Amino acid sequence: LGFYFSGSTDCICFSTVGISDPVTSALHIIVGDCQPLDVSAVHHNNTFLKYSVSLLGYGFYGDILKDSEKKRWMGPIRYDYSGFKTFLSHHYYEGTISFQPAKHALGSPRDKDSCRTGCYICKKSGQQLAEQHKERGLKHEEDEEEWKVIKGKFLAINAVNMSCACPRSPRGLSPAAHLADGSADLILVRKCSRFDFLRYLVRHTNQDDQFDFSFVDVYRVKSFQFTSKLSEDNESNVTDIGKKRFGHFCRDHPACCCNISNSTWNCDGETLDSSAIEVRVHCQLMKLFARGIEENSKDEAAYSQSSNEQLL
């Protein structure tokens, strides 16, 4: 696929090329540069829903998208308006998330090095994953590997296949995420104060470690599942009709102080209404006409110099 920027954030262009420039994108297509890319498949009750190559977001980013879709007449400014509105609402969502750690993948989401052209980690992780599948078989491997389970109240649940960098967030949601290592970075932001959540969001605009908070956990995974508390309650107590109706009444009336029970998944800028999903990362499933982000020693030197000047 050739990728030409035309979206709201253009995070795929920024994460695979490093710039949203039409001439650069055209040249990559003409020259025939090739960059493999991981793709996540999203299912609900064993039914395929969508593919994702950048962001799967539940909670904060899902609420922003859901609200902004109702205000398309506002143009691009609707994202700022919906973002501010969602931040003030400060909704959290209860649920259970289970995941398989990506043991084949090298590195960690807390690494300082980012994915660059000819990335060694992507190449080596892809080879190791292919060898594992060949030796043991994909189905056998899934049955054997243990799942980790986390229950809690979350302000945001994000899974990214790439850094998701964009002009507003130069390093992205997960700066060390790799394009083709067969894994996704799963970011869990637990319930916290509005001020702490603001501190976390501000970290996306600077060079500080955005995972350095007690209420933020990040894992490198190859598959995960999520079920909201509302879905769990409905499955375990299907006869409690009155309780469901009362909950529905609360959600439909903003004057009520009850928390919203379910959010919406943001799947690469498209809404997914199914809160309970299963996701598996497919290693290097797609190829782009791109080269990856090339090292820029001048920019790194300039940033290093500016950081030293600030310290002095």
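How many nonpolar, polar and charged residues are in the lining of the largest cavity? By class, there are four nonpolar, five polar and one charged. Here Ala, Val, Leu, Ile, Met, Phe, Trp, Tyr, Cys and Pro count as nonpolar, Asp, Glu, Lys and Arg as charged, and the others, Gly among them, as polar.

This is a predicted model, in which local features need pLDDT of at least 70, side-chain atom pairs count only at pLDDT 80 or more, and totals for chains, interfaces and linings use all residues. Residues are numbered from 1 along each chain as its sequence is written, and side-chain values use heavy atoms, with hydrogens and water left out.

Start with the whole. The protein has 10 helices and 10 strands. Both are DSSP runs numbered from the N terminus: helices are H or I with at least four residues, strands are E with at least two. Of the 312 residues, 44% are buried. Buried means under 20% relative accessible area, exposed means over 50%, and partly exposed lies in between, with a 1.4 Å probe and protein chains only. Take the contacts between residues at least 6 apart in sequence: 79% of them join residues at least 24 apart. A contact means heavy atoms within 4.5 Å.

Now return to the cavities. A search of the whole structure finds two of 30 Å³ or more. The largest has a volume of about 50 Å³. The search runs on a 1 Å grid over the protein atoms alone. A cavity is a set of points where a 1.4 Å probe fits but cannot get out; a pocket is an open set with protein on both sides within 12 Å along at least five of seven lines. Lining residues have an atom within 4 Å of a point. Points are joined across faces, edges and corners, and a volume is the space filled by probe spheres set on the points.

The lining of the largest cavity consists of Gly59, Phe60, Asp63, Thr86, Phe87, Ser89, His90, His91, Leu155 and Phe197. Two elements give two or more residues each: helix 3 (60-69) and helix 4 (77-89). Helix 4 has the largest share, with three residues. Helix 3 is mostly covered, with eight of its 10 residues buried. Among them are Phe60 and Asp63.

Helix 4 also meets helix 7 (residues 194-202). Their axes come within 10 Å and cross at roughly 145°. Axes are lines fitted to C-alpha atoms, for helices over the stretch in contact, and angles run from 0 to 180 degrees between N-to-C directions. Helix 4 brings Phe87, Leu88 and Ser89 to the contact, and helix 7 brings Arg194, Phe197, Leu198 and Leu201. These residues divide into five nonpolar, one polar and one charged.

Next comes the second largest pocket. Its volume is about 1200 Å³. It is lined by 42 residues, and Ser114, Arg116, Pro170, Arg171 and Ile293 lie nearest its centre. Helix 1 (11-16), helix 2 (22-31), helix 5 and helix 10 (297-311) each supply at least two lining residues. Helix 10 gives the most, with three. By class, the lining has 18 nonpolar, 11 polar and 13 charged residues.

Pro170 sits in the loop between strand 5 and strand 6. Pro170 counts as partly exposed because its relative accessibility is 47%. Leaving out residues up to four places away in sequence, Pro170 touches Ala165, His204 and Thr205. Gln207 is 37 residues from Pro170 in sequence, yet 8.5 Å away in space, C-alpha to C-alpha.

Asn161 is found in the loop between strand 5 (148-160) and strand 6 (184-190). Is Asn161 buried or exposed? Asn161 has a relative accessible area of 3%, so it is buried. Beyond its neighbours within four places in sequence, Asn161 has contacts that include Asp38, Ser52, His178 and Val281. A polar atom of the Asn161 side chain lies 3.5 Å from the backbone oxygen of Asp38.

Finish in helix 5 (residues 120-136), the place of Ser125. Ser125 is buried because its relative accessible area is 0%. Its side chain reaches the backbone nitrogen of Leu106 at 3.1 Å. A polar atom of the Ser125 side chain also lies 2.8 Å from the backbone oxygen of Ile121. A polar contact is a pair of N or O atoms within 3.5 Å; within protein, one must be able to donate a hydrogen and the other to accept it, and residues adjacent in sequence count only if both atoms are side-chain atoms. Leaving aside neighbours within four places in sequence, Ser125 is in contact with His104, Ala105, Leu106 and Asp181.
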